[in-house]
Amino acid sequence: MVQRPRGTRDFVPSAMRRRQCLENLLETKALGHGFNRVQTPIFESLELFTAKSGPGVIKQLYAFEDKSKRQLTLRPELTAPVMRMISEELRSASKPLRLSYFGQCFRYEESKKGRYREFFQYGVELIGAHGPLAEAEVIALAIDMLEASGLKGWELRIGHVGILREVLTAIGLAAEGEPESPVASAMRFLDKGDWEGMEQLLETNGIDLSVIADLKALSALDGGKETLGPAKTILEQMNVDLDSFDQLSTLLDSIELLAPTPPSLKVNLCVARGLDYYTGMVFEIHVDELGGEGQILGGGSYRLLHLFGLEDLDPSCGFGLGFDRVLLALEAQAAAEGRVEVVRGESPAPSTLMLPFRIESKHTLSIVKQLRDSGNNVEMDLRGKNIGKTLDWAGKNGFHNVIIVGPKDLENNSCSVKNILTGDQNTTEFSADAISSLL
RNA sequence: GCUGUGAUGGUGUAGGGGUUAGCACGGUAGGUUGUGGUCCUGCCAGCCCGGGUUCAAUUCCCGGUCACGGCCCCA
């Protein structure tokens, strides 16, 4: 039997309903914050990503050649395509742009729970405005979205790679180098908390190990806004420029006013992020339910538009939300609480079965149309089984009401409306209005 | 990229070198009730794929595929 490729998934009706419901919750929040949906192609020129994404992403591309030998690839992420779109389509649109997008991305890597070769990302980008307030708008939307999704217990981590870079250059590490600059290596080590690697790096770069005490102190700060005071002291001590730091502080004040308090907010100046186009504030959101794949959202301020000749729009700010992971976390939380409905509103709307009983079904069709026109979900019975079996079937398949029309009903212009859930049954006029009032 | 565990109908499972591979749910056809979820009967549907060992493999061995974990990386 042919089976679906590794790392891909089919979504059956019940799964799809849940996904659409979550998408709608996110979409509603995005619209409420002024972010409008855009869509870009599933495949792009290979060059778009080889030039604009980090090396980690490039190794995982689903690249291919088309019949005219164009070098193409399935998109591994959506930020670069959206930037490309802006440079092609929205150059002269008035700024700032608030864009949102949702779609699948493809990365060739080992698939496992929470990590798929085809995965879905919901994201937003704020273009043509920057600074703490713009960043606060973006983070506030992230918070609002997760809040709306019903997810609990997540943690928001905010850092600033600008500050981090300043710290690392201040202690004497070079910002340039192949294959990886000492600063970038150091950021990785700090992100992981790998102090041995850090020490080695400092040694090979001939830097006095005494700075490690300051770095450790910075890394050990654990908490929200209250850690900014101690952090400032350490940064001053290291002679780091404080402009970025002050902006981060303003950002945190703004978030507090713009969005509900997250379940947990941590300021962590050692958060590095994988993509190297991030330049300033960076943030991540994690949940515990997903083990090693616990990051469900990530973003920050980045410079990418200068690559498209739009340097005046840099930096921008945005985030990507791991749609599948959010859903997995929601499912895990629902299971832990014994909750059936995973995403609020995913249960299908009440629906009604029209059941002609020993009469020709054509007598019921116009009523079905009228009921549908007035907004009811109605299905015709298509199998004509005996009435007991059909009621049984209706009960198992999520119907709330069955309209039964027998020969005598037809004579009297009446019908029975039976509520499958309660067993209650009423006889009424066989008209759309009379039936509607009972559904 | 490294590494561990697993794979029996659609789902959940039993079993095990020679079996008609068992059970439950499900689906489907019908009987009964003939406005229900009961009961009864029939049917549908499975040992992941390829190679090896063996008289005999679904069972043991190897490889692949897929799934699930732990690192790395990321969404």
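At what angle do the axes of helix α6 and α7 cross, and within what distance do they come? In this predicted model, the axes of helix α6 (residues 161–170) and α7 cross at roughly 115° and come within 10 Å.

**Helix packing**

Two packed helices are described by the angle between their axes and the distance between the axes. For α6 and α7, the crossing is right-handed. On the α6 side the contact is made by Leu164, Arg165, Leu168 and Thr169, and on the α7 side by Val183, Ala186 and Met187. Sorted by class, the residues of this contact are five nonpolar, one polar and one charged.

Helix α7 (residues 182–192) also packs against helix α8 (residues 195–204), at an angle of about 160° and with the axes 8 Å apart. The two helices, α7 and α8, are therefore roughly antiparallel to each other; the cut-off for that term is an angle over 145 degrees. Here α7 passes α8 in a left-handed crossing. The residues that make the contact are Pro182, Ser185, Ala186, Phe189 and Leu190 of α7, together with Gly197, Met198 and Leu201 of α8. By class, the contact of α7 with α8 has six nonpolar, two polar and no charged residues. Ala186 of α7 takes part in the contact with α6 and also in the contact with α8.

**Domains**

The domain assignment of chain A gives a domain 1 in two segments, 13–154 and 287–337, and a domain 2 covering 351–436. The centres of domain 1 and domain 2, taken over C-alpha atoms, are separated by 45 Å.

**The surroundings of Leu126**

Leu126 is in strand β6 (residues 118–127). Is this residue, Leu126, buried or exposed? Leu126 counts as buried because 24 C-beta neighbours lie inside 10 Å, and the cut-off for buried is 20 or more. Neighbours within four places in sequence left aside, the contacts of Leu126 are Pro96, Arg98, Ala134, Glu137, Val138, Ser316, Cys317 and Gly318. Leu126 and Phe319 are 193 residues apart along the chain, and their C-alpha atoms are separated by 9.3 Å.

One of the contacts of Leu126 is Pro96, which is joined to Lys95 by a cis peptide bond.

**Backbone exceptions**

Most residues other than glycine have a negative phi, and most peptide bonds are trans.

| Site | Feature | Value |
|---|---|---|
| Lys95 to Pro96 | cis peptide bond | omega about -5° |
| Asp314 to Pro315 | cis peptide bond | omega near -10° |
| Lys69 | positive phi | phi about 65° |
| Asn239 | positive phi | phi about 60° |

Pro96 is in the loop between α4 (79–89) and β5 (97–106).

Lys69 is not a glycine, and its place is in the loop between β3 (63–65) and β4 (71–74). Lys69 counts as exposed, because 7 C-beta neighbours lie inside 10 Å, where 12 or fewer is the cut-off for exposed. Asn239, also not a glycine, is in the loop between α10 (228–237) and α11 (243–258). With 10 other C-beta atoms within 10 Å, Asn239 is exposed as well.

Key
Residues numbered from 1 in each chain as written. Chains lettered and ligands numbered in written order. Predicted model: local features only at pLDDT ≥ 70, side-chain atom pairs only at ≥ 80, totals over all residues. Domains from an automatic or database assignment. Helix = DSSP H or I, 4+ residues; strand = E, 2+ residues; numbered from the N terminus. Contact = placed C-beta atoms within 7 Å. Axes fitted to C-alpha atoms, helices over the stretch in contact; angles between N-to-C directions. Parallel < 35°, antiparallel > 145°, perpendicular 65-115°, else oblique. Left-handed = near helix turned anticlockwise from the far one by under 90°. Nonpolar A, V, L, I, M, F, W, Y, C, P; charged D, E, K, R; others polar.
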